[in-house]
Amino acid sequence: LGKMDALRPFGLGQTTPPVGPFNTVSQTFFSSDESVLFTTVKGNPPANNTGFLSAFPVNPVSACAGVISSLSTSETRSSPAGTAVLFGSAAIPGSTSLFVTDASFGGAVLTVDSINKATVAGKGVIADQSATCWVTISDVTGSAFVTDIAVNHIVEMSTKDASIISSTDLSANGNLGLTDLASGGNFVYALSAGDGTVKTAVTVLDVSGGKVKQIQNFDVSSIGAGKNSQGLTLLM
C-alpha cells in the first residue's frame, strides 16, 4: 500500500453518525480478476430512494513506464431492476458476474457488462425471509449460501439464476439468526451475534454431501465475542 489519494464520496446525505440500515454503504470488494472495485449501497424503499452498485476500474500496471496500479476516479453506477436494499456480495468465480443479497427479498445474480453496468440475470425470492444480508460461495458446491439476521436458517442458492436449491432450518441450536459467513473446503462457517442473553456462536455446516448438515455450534461468547459481533473471516 502506498500513499492514499482523494476520497470517493457517494453523497448519501447521511447524518453523523449515520442512521441505518437503509441508505448506507454495504460492502466494498474487488472483482474476481481485481480489475474493478465494487460497492453495494442500500436504498430506502419507504423514502423511494433507490440503491445502487458502484464500480471503479483499477488503472492497469505499466512496469515499463514505472507505473503502479491505482484506482480510477471515474465511477459507474447502476440500479439493477427489481433490487432495492443491496447488501452482501460475492464475485462468482470464473465469470464477471456477482451474487448479491437484497435484504428486501433474498438474492440475485448480476451480470456486469464491459462498461461495468449491472443487470439482473436471475432473482430468488426467499418466502420466509426477514432480512437476507450476507453471502458466501462454496468452491465445493459452486453455489451461494445466504443468511438472515433475524431468521435462523441458511439458504443455498444457484450462482446461475439465484434459484433456491435448499433451505436448512437451524432453529434447534437456539441461535437468533445469522450474520456474516465464510466457506472453506467442505464447510461453511456462519456467525450468530446473539443479543447479550442468547450466546454468540459460530455454526459449522458440512455442505459436501449434497445436503447441508450442522456439525457444530461453537460458543464464542466465552472468548469475548458479544452481541455486536458482525464480521467473520476464515484464514486458511
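The radius of gyration is taken here over C-alpha atoms, and the globule rule is 2.2 Å times the number of residues to the power 0.38. For the 236 residues of this predicted model, a compact globule would accordingly have a radius of gyration near 18 Å, and the protein agrees with that expectation because its own value is 18 Å. The C-alpha trace spans about 55 × 40 × 35 Å along its principal axes, and the protein contains 17 strands and zero helices. Of the contacts with a separation of 6 or more, 43% are accounted for by residues 24 or more positions apart, while buried residues make up 44% of the 236 residues. The accessible surface comes to about 12,200 Å², with 55% of it belonging to carbon and sulfur atoms.

Within this all-over arrangement, strand 11 (residues 144-148) is largely enclosed by the rest of the structure, since five of its five residues are buried. In a regular strand the side chains alternate between the two faces of the sheet. Both faces of strand 11 are covered, with Ala144, Val146 and Asp148 buried on one side and Phe145 and Thr147 buried on the other.

Strand 11 has antiparallel partners in strand 10 (residues 132-137), with which it pairs over five bridges, and in strand 12 (residues 153-157), to which it is joined by four bridges. Trp134 stands opposite Thr147 of strand 11, whereas Phe145 stands opposite Glu156 in strand 12. The hairpin of strand 10 and strand 11 has six residues between the strands, and Gly142 in this hairpin takes a positive phi near 75°; the hairpin formed by strand 11 and strand 12 has four residues between them.

Definitions and conventions
Residues numbered from 1 in each chain as written. Predicted model: local features only at pLDDT ≥ 70, side-chain atom pairs only at ≥ 80, totals over all residues. Heavy atoms only, no water. Helix = DSSP H or I, 4+ residues; strand = E, 2+ residues; numbered from the N terminus. Buried < 20%, exposed > 50% of the residue type's maximum accessible area, 1.4 Å probe, protein only. Contact = heavy atoms within 4.5 Å. Areas by Shrake-Rupley, 256 points an atom, 1.4 Å probe, with all protein chains shown as cover. Pairing = 2+ DSSP bridges.
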